Amino acid sequence: MFSHERETPRGSANDIRVVLADDHQLFRQGLKALLELERGITIVGEASDGLEVQRVSLELNANVVLMDINMPIVDGLSATRELLRANSEIGVIILSMHHEEGHVFQALRAGARGYLLKTSKVSEVAGAVRAVASGLSLLDPTVTSSVVSEFKRMSNKQTPEDGLGQLTETEIKILQHVSAGMSNKEIALKLSLAESTVKNRLSVLFEKIGVLDRTQAAIYAITHGIAPTAVQSR
Amino acid sequence: MQEPHPLARRIHDRVLGLLGTALMKTEMAQTLGKLGRQDEVPATLEELRSALMDSIVELRGIMAELRTPATDDESLKNHAA
């Protein structure tokens, strides 16, 4: 079923390396077959539980992981947290049937950079894979409004003294680059710093402004008016 | 976050999961058709049917669990008598 012999040569070195994690085998098979028809995307591995996905993603050097929430042994949110602790460069997209805002917030807190519903078309999933692989974040339009409302509420509660005033000039630049979707490597190149220095500075920055991950930091930058405009970014 | 009702969990984990698979299979059948690979469509439709059948079985199980004496036919007949 869905053999690839009729496709153009696959698995180029520049392809986005994707791991699928879902305990529904038929769903995984279908998604794999359809995603592999997309240019520039290679499915390098699959996992059916939250423990296996961590091992497979690290071993196969995945760029992006499509992660279900409800999985045996370890759930997708815990797996996301653990995986990103081991390699923060991997982009995790939650692919779930849950549309409730609580799950979306939990996913973002765990460090996911994308949240899509399983009712999404495969072209939308492929678009999200490409966006996340290039350092951007993406949410399903049906859950975006609740996220925007929540962060509006959060930003209304904060004053400039909440953390922005404590940031150094370099930290503000790092925050601007994070909000533009740049990876640590890209920021390091841009600011002539070591990648490890950017990583350390980010941890301090997150603490100062009271956020847990890049997505929240980017939203913080936008709500505090320090994110670069589309023209300035990159 | 509040723990979901066991039936809500079952509907999510089983029924919605199966319907998600069914949606995926419809898209797969459409894509195969567009690619001119009609010979592969029947097997995909069979998998779609299987996912829908499994959804029906799950929903019947959930309905059986939800049946209370007040909604049971026998109980209603006894009550009328």
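Visitor: Which residue of β2(A) is the bridge partner of A:L20?

Guide: A:E46 is the bridge partner of A:L20. This is a predicted model, where local features need pLDDT of at least 70 and side-chain atom pairs count only at pLDDT 80 or more, while totals for chains, interfaces and linings use all residues. Residues are numbered from 1 along each chain as its sequence is written, with chains lettered from A and ligands numbered from 1 in the order in which they are written.

Visitor: What makes β1 and β2 of chain A a pair?

Guide: Pairing takes at least two bridges found by DSSP, and 6 bridges join β1 (residues 16-21) to β2(A), so they count as a pair. The two strands run parallel. Strands here are DSSP E runs of at least two residues, helices are H or I runs of at least four, and both are numbered from the N terminus.

Visitor: Why is the sheet's edge placed at β2 and β6 of chain A?

Guide: The order of the 6 strands is β2-β1-β3-β4-β5-β6, an open sheet with parallel pairing. β2 (41-47) and β6 (138-139) each have a single partner strand, so one side of each has no neighbour in the sheet.

Visitor: What lies across those strands?

Guide: α5(A) lies across β1, β2, β3 (64-67), β4 (91-96), β5 (114-117) and β6 of chain A, at about 155° to β4(A). α1(A) lies across β1 and β2, at about 165° to β2(A). Angles run from 0 to 180 degrees between N-to-C directions, with axes fitted to C-alpha atoms, for helices over the stretch in contact (C-beta atoms, placed from the backbone, within 7 Å).

Visitor: How do you know that the span of α5(A) agrees with expectation?

Guide: The expected span is 1.5 Å times one less than the number of residues. For the 12 residues of α5 (residues 122-133) that gives 16 Å, and the end C-alpha atoms are 16 Å apart, which agrees.

Visitor: Which element gives the largest share of the chain A side touching chain B?

Guide: The contact takes 18 residues from chain A and 17 from chain B. α1 (25-35) and α4 (101-110) of chain A each give two or more residues to that chain A side, and the largest share, 6 residues, comes from α1(A).

Notes. Two residues are in contact if their C-beta atoms, placed from the backbone, lie within 7 Å.
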